Amino acid sequence: MRRAVEALDLPVWDCVSGLSRGPGHRNVMAHIDSEVKEECLREDLKFYFMNPCEKYRARHQIPWKLGLQILKILMVTTQLVRFGLSNQLVVAFKEDSTVAFKHLFLKGYSGIDEDDYSCSVYTQEDTYESIFFAINQYHHLKNITLGTVAYGENEDNRNGLKVCKQHYKKGTMLPSNETLNIDSDVETECIHLSLQVLSKNPQDWKNSSFFCLEFYRLLQIEISFQLKGIDLQTIRSRELPDCYVFQNRITYDNKAHSGKIKIYFDSDANIEECKVLNISGSIQKNTQYVLVFDAFVIVICLASLILCTRSIILALRLRKRFLNFFLEKYKRHVCDADQWKFINGWYVLVIISDLMTIIGSILKMEIKAKNLTNYDLCSILLGTSTLFVWVGVIRYLGYFQTYNVLILTMQASLPKVLRFCACAGMIYLGYTFCGWIVLGPYHDKFEDLGTVAECLFSLVNGDDMFATFAQIQKKSVLVWLFSRLYLYSFISLFIYMILSLFIALITDSYDTIKERK
């Protein structure tokens, strides 16, 4: 303000006093006030778009947000690693339990699944033996299993097995005379075999009319039962053990009626809160330390959230001042592109990351205390938040001119790349639908739309090309010739043309940024 007054050759006390000296004096004061506001706004704008180092040199403002972000990166990454190691134990226990159940309840299981099913049978005798084998193994589970499992209760609050069979309504079939008379409506019959029933003479339930199967109209048989288990391996990692409920289903699929019954084994493991946990030793103390660490992470993220939210609010106020000044002085509106520059996208990313970390940390604390068991949601929140935290590091590297090329290239090429991908995506979808409908019956990688899209994406990246060509069945010469035309045209179009153009767009943006530097 003093500089503006001196520029007009007026005494300082005349500028700050409230004395009125006529219209001319008021005009001079208004002009001085306008210049002061403009200078103040210019300084605030210049300071806002400085990086933390420049802000410190300009006003000696300590970069609290920068220090907090560095600390948060270390804390969040450490938290994620600890949770990941704990989650590995959960995944390993579920997978090992499923493999153990397959060996326990599937007769003749080799240890390797056949395609998408576990094993198969080809005779009526083998089918009966496989069904009765699973039931007998369930009956004698406590005497044969190596795991810490026991019987569970089904939805009817009863233990035991539930066996259901689906079949067409009665009819007749005479293949020799090429005669079939059958009702296509499906009937479902179920029987419950409790432990008391299984403890009796096995021939009583084996000779039941329920197990008299008419295979020509049989669709499937499903054996379902529940087991409960405790994961004791977490104790070695100084963590409280988890209690599991395994929903097991053995399905004998005869829908194809091809002479081959596919046997599927599905096990859904749900973690439930243990009713009673009485474990002595250092586990409880270790759990308390982890909970304190998680609470500290929440405090750090909450402080980061508050500071970034405050910065956005101040930026919005500064933008409002700038818009009003621009409108008053130049009688024009600021374009949207310039207005969006006041919204720092990195702050928005940090706020989202902080919110996800806070929620994920609360869930992790509840899981650690065994009050919750939702590992999946907690993993998604913590994993995504850590991803955003590390992506945010690019912002600070961008303060150095040498490392800023990546960010500038991405910003310059993103609009062109998105438009290009939209056009290329139409061609990609066309090839996806075409491959699914034509090659689906003759190639495993084209059986469904999702698999086709993944297969074509692998081909674009040069993965597994020869196997894709070689695995096509040669049952139809016409389809085999079409598959060659289809694959050659797709690979040539996407690798040699579309992918090259995609890279050229990014290269062009990089060259432009490099020339400007």
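Me: Which residues is Ser 385 in contact with, leaving aside its neighbours within four places in sequence?
Reply: Ser 385 is in contact with Ser 353, Met 356 and Thr 357 once those neighbours are set aside. Contact here means heavy atoms within 4.5 Å.

Me: Before we go on, what kind of model is this?
Reply: This is a predicted model, in which local features need pLDDT of at least 70 and side-chain atom pairs count only at pLDDT 80 or more, while totals for chains, interfaces and linings use all residues. Residues are numbered from 1 along each chain as its sequence is written, and side-chain values use heavy atoms, with hydrogens and water left out.

Me: Back to Ser 385: where is it found, and is it buried or exposed?
Reply: Ser 385 is found in helix α13, residues 375-397. Helices (H or I, at least four residues) and strands (E, at least two) are DSSP runs, numbered from the N terminus. Ser 385 has 0% relative accessibility, so it counts as buried. The term buried means under 20% relative accessible area, exposed means over 50%, and partly exposed lies in between (1.4 Å probe, protein chains only).

Me: Where does UniProt place the feature "transmembrane region"?
Reply: The unreviewed UniProt entry gives residues 289-316, 346-365, 377-397, 417-439 and 485-507. UniProt positions are in the numbering used here, feature names are shortened, and annotations may be inferred rather than shown by experiment.

Me: How much of residues 346-365 is helix? And what about 377-397?
Reply: Residues 346-365 are 100% helix and 0% strand, with the end C-alpha atoms 28 Å apart. Residues 377-397 are likewise 100% helix and 0% strand, and there the end C-alpha atoms are 31 Å apart.

Me: Which residues does Phe 482 touch, not counting those up to four places away in sequence?
Reply: Phe 482 touches Cys 434, Val 438 and Leu 439. Phe 482 is found in helix α17, residues 477-516. Phe 482 and Val 438 are 44 residues apart in sequence, and their C-alpha atoms are 8.6 Å apart in space. Phe 482 is partly exposed, with a relative accessible area of 29%, and Cys 434 is also partly exposed, at 26%.

Me: How many disulfides does a search of the whole structure find?
Reply: The search finds one disulfide. A disulfide is a covalent bond between the sulfur atoms of two cysteines; the criterion applied is a pair of cysteine sulfur atoms within 2.5 Å. The disulfide joins Cys 164 to Cys 190, with an S to S distance of 2.0 Å. Cys 164 lies in strand β3 (residues 161-174) and Cys 190 in strand β4 (residues 179-193), so the pair ties together parts that are 26 residues apart in sequence.

Me: Is that disulfide right-handed or left-handed, and why?
Reply: The torsion about the S-S bond of Cys 164 and Cys 190 is about 110°, so the disulfide is right-handed. Cys 164 is buried, with a relative accessible area of 15%, whereas Cys 190 is partly exposed at 45%.

Me: Is Cys 212 buried or exposed?
Reply: Cys 212 counts as exposed, at 53% relative accessibility.

Me: Changing topic, what is the count of salt bridges?
Reply: The count comes to seven salt bridges. A salt bridge is a side-chain nitrogen of Lys or Arg within 4 Å of a carboxyl oxygen of Asp or Glu. Among them, Lys 102 pairs with Asp 113, the closest N and O atoms being 2.9 Å apart. Lys 102 is in helix α5 (residues 64-105), and Asp 113 is in the loop between α5 and β1 (119-121), 11 residues apart. Lys 102 is buried at 10% relative accessibility, while Asp 113 is partly exposed at 33%.

Me: Which residues are linked in a network of salt bridges?
Reply: Arg 249, Asp 266 and Asp 268 form that network. The side chains of Asp 266 and Arg 249 meet at 3.9 Å, N to O. Asp 266 lies in strand β7 and Arg 249 in strand β6, so the pair ties together parts that are 17 residues apart in sequence.

Me: Where is His 257, and what is its phi?
Reply: His 257 is in the loop between β6 (242-253) and β7 (261-272). Phi of His 257 is near 50°, a positive value in a residue other than glycine. His 257 is partly exposed, with a relative accessible area of 33%.

Me: Finally, how many helices and strands does the protein chain have?
Reply: The protein chain has 17 helices and seven strands. Of its 517 residues, 37% count as buried.
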